[in-house]
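Open the structure in your viewer and keep the sequence panel beside it. The tour goes from one selection to the next and says what is found at each stop.

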Amino acid sequence: VRNLMAVPVIQENKTVAIVAVANKGADFENEDITNLNHILNMAWPEVERIKGQETLNKERELFKTILFSIDEAILVVDENKKITLMNQQAEKYTGWTKEEAYGKDSHEVFNNVNIKTRKKELDPAAYVLEHKESLLSPVSEILISRDGTQRYIYGNASILASSSNSVKGVVLTCSDITKQYLQEREIETFMNLNLDMLCVADMAGRFLKVNRKFEEVLGYS
């Protein structure tokens, strides 16, 4: 190094970087400092933008990793009820690929119906966007896939808020509880077909289930 000039990059009264140049054919002068500062003032905002974009990309990748590792169906909906993101479980439950579902109305893809009436249930995304509050799915709900597969589900719809707390969309999540639901139905069927008084209680003696005979004899529903 024959000669060297180093200048600080100052942002908000703090030195955020040092830039150095070396081996000029002649001595460095004050004009060189002025020119280098001028270049840095134009270039540094772009450096900051790139750094910010890299951080944002890392956060997005982390979000996607978490999203696709969760064993629940997750659909992200914008403020217009259009689907912007789905994980693999959501693809499996709805029968739509994320490419097919992108930009579709959420209630077209998330086909939730009442178990007994087979009619469309409340649109969870529309409810959250209108009332600005989260919503739990009813226990009488099933999700019908595009191929007709039916799943008993339980989940919720939550507000997706921006940094300024304005509503930017909705996150729909649900779990497949078909196995648990059918087991519950089998237990209830067995209990109500039995002519004896039957009940299920917890370790503290609190009733969890009673059959019809139990209700008839003791007079309590």
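Select S145 first, and show whatever touches it. Leaving aside neighbours within four places in sequence, S145 is in contact with K92, Y93, T94, G95 and R151. This model is predicted. S145 sits in the loop between strand 7 (141–144) and strand 8. Is S145 buried or exposed? Its relative accessible area is 6%, so S145 counts as buried, the cut-off being under 20%.

Now select L75. L75 and V170 are the residues with the most contacts inside the largest nonpolar core, which has 22 residues. Two or more residues of this core come from each of strand 3 (73–78), strand 4 (83–86), helix 2 (88–94), helix 5 (124–131), strand 8 (150–161) and strand 9 (167–176). Which element gives the most to this core? Helix 5 does, with four residues. Another core, of seven residues, lies apart from this one, and M5, V7, A17 and L40 are among its members.

Go on to helix 5 and colour its buried residues: P124, A125, Y127, V128 and L129. The elements that cover these buried residues include strand 3, helix 4 (106–109), strand 5 (112–114), strand 6 (135–136), strand 8 and strand 9. D123 caps the N-terminal end of helix 5, with a side-chain oxygen 3.2 Å from the backbone nitrogen of A125. After helix 5 comes K132, whose phi is positive, near 55°.

Select A161, which is found in strand 8. A161 has a relative accessible area of 44%, so it is partly exposed: the value falls between the 20% and 50% cut-offs. Not counting residues up to four places away in sequence, A161 touches S166 and K168.

Strand 10 (residues 199–201) and strand 11 (residues 207–210) run antiparallel and are joined by three bridges. Which residue of strand 11 stands opposite A201? The residue is F207. Five residues lie between the two strands of this hairpin, where G205 takes a positive phi near 85°.

How values were computed
Residues are numbered from 1 along each chain as its sequence is written. This is a predicted model: local features need pLDDT of at least 70, side-chain atom pairs count only at pLDDT 80 or more; totals for chains, interfaces and linings use all residues. Side-chain values use heavy atoms; hydrogens and water are left out. Two strands pair if DSSP finds at least two bridges between them. A nonpolar core is a set of buried Ala, Val, Leu, Ile, Met, Phe, Trp, Tyr and Cys residues joined through side-chain atoms within 4.5 Å. Buried means under 20% relative accessible area, exposed over 50%, partly exposed in between (1.4 Å probe, protein chains only). Contact means heavy atoms within 4.5 Å. A polar contact is a pair of N or O atoms within 3.5 Å; within protein, one must be able to donate a hydrogen and the other to accept it, and residues adjacent in sequence count only if both atoms are side-chain atoms.
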